[in-house]
Amino acid sequence: MFGIWGTFSSVVFYLTLAVGLGGLLGNALVLWHLGFHIKKGPFAVYVLHLAAADFLFLGCQLVFSAVQAALGSEHSLYFAVTFVAFSVGLWLLAAFSAERCLSDLFPTCYQGCRPRHTSGVVCGLSWALAPPAVLLTTDACGLLRKSARPLACLRYHAASVAGLLALACAAFAAGLVLFVWVACCSQRQRPRFYGAVLGSGLLLLICGLPYLLCWTLRPYLPSFLLSTFFPLATLLACVHCSARPLIYFMVGRQPGRWKPLRAVLQHSLGEGAQLGASGVSLPMGRV
């Protein structure tokens, strides 16, 4: 029995490493091309920051996994630091999906009411607010140090879980609404980033929620259940962060025609002067 469990744990561990390495490479390519070679519009700014958050999550995951393999024990900062990067990505995904949905449902109103530099401000707030929200909770619940404060842990943890679940629901709902709108109600062509929003929402539902569930239940799960559930949730979270560059590639490629990687990413991530498919223009610098 223990031999089977040891083999299973090893397989999950090495799969996590392999997926993480592939995801690091994919997100590094997105960061390189989108950061230096592709013109960025308001939605591409979200994609750039999402790639940075995914790269940070996968990098932390691989570093802590290597430390765990070398020392034979898990560092106390492991889950807290990696979940910070995961939560930043969740904030960014929710904002990106909601804004992409609103821009297609209400193009004229959205273009007229959208403040300048909205994307940059929202991304900055995500990076600034998500880490304290996670670290305050982990500290109160005794994950950063031995002393725990039960009442503070309950308050912080309840607020954190409610906020993260709201973000996850917003990201998935925006993708679902956009899918219904394009499939049933809109006669126009698919808007830019439609495939990225829909694919990211499905990935979050299938692969991201188990990691979020692990965060929700971690202070209350017995150690033997946690040791079983956490490696699988981590593997799925790595798939969630690693598959996004593949989505961009699949959205940008054209069947039957070979194009360089930069051209494929340009087709899927670049933005022209059109906001969505509505014919409403939005200046490239308005991020």
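**A guided tour of the predicted model**

Residues are numbered from 1 along each chain as its sequence is written. Because this is a predicted model, local features need pLDDT of at least 70 and side-chain atom pairs count only at pLDDT 80 or more, while totals for chains, interfaces and linings use all residues, and side-chain values use heavy atoms, with hydrogens and water left out.

Next, colour the whole chain by confidence. The protein averages a pLDDT of 80, and 81% of the residues score at least 70. Strand E1 (residues 274-275) has the lowest confidence, at a mean of 38, and helix H5 (residues 118-140) the highest, at 89. Helices (H or I, at least four residues) and strands (E, at least two) are DSSP runs, numbered from the N terminus. The protein has nine helices and two strands.

Now display H5 together with helix H2 (residues 42-71). Their axes, lines fitted to C-alpha atoms over the stretch in contact, with angles from 0 to 180 degrees between N-to-C directions, lie 8 Å apart at an angle of about 20°. H2 is therefore roughly parallel to H5, a term for angles under 35 degrees.

Finally, show the side chains between these two helices. On H2, select residues including Pro 42, Tyr 46, His 49 and Leu 56; among the residues they meet on H5 are Thr 118, Val 122, Cys 123 and Trp 127.

Key. pLDDT is the predictor's confidence in each residue, from 0 to 100. Angles under 35 degrees count as roughly parallel, over 145 as roughly antiparallel, 65 to 115 as roughly perpendicular and the rest as oblique. Contact means heavy atoms within 4.5 Å.
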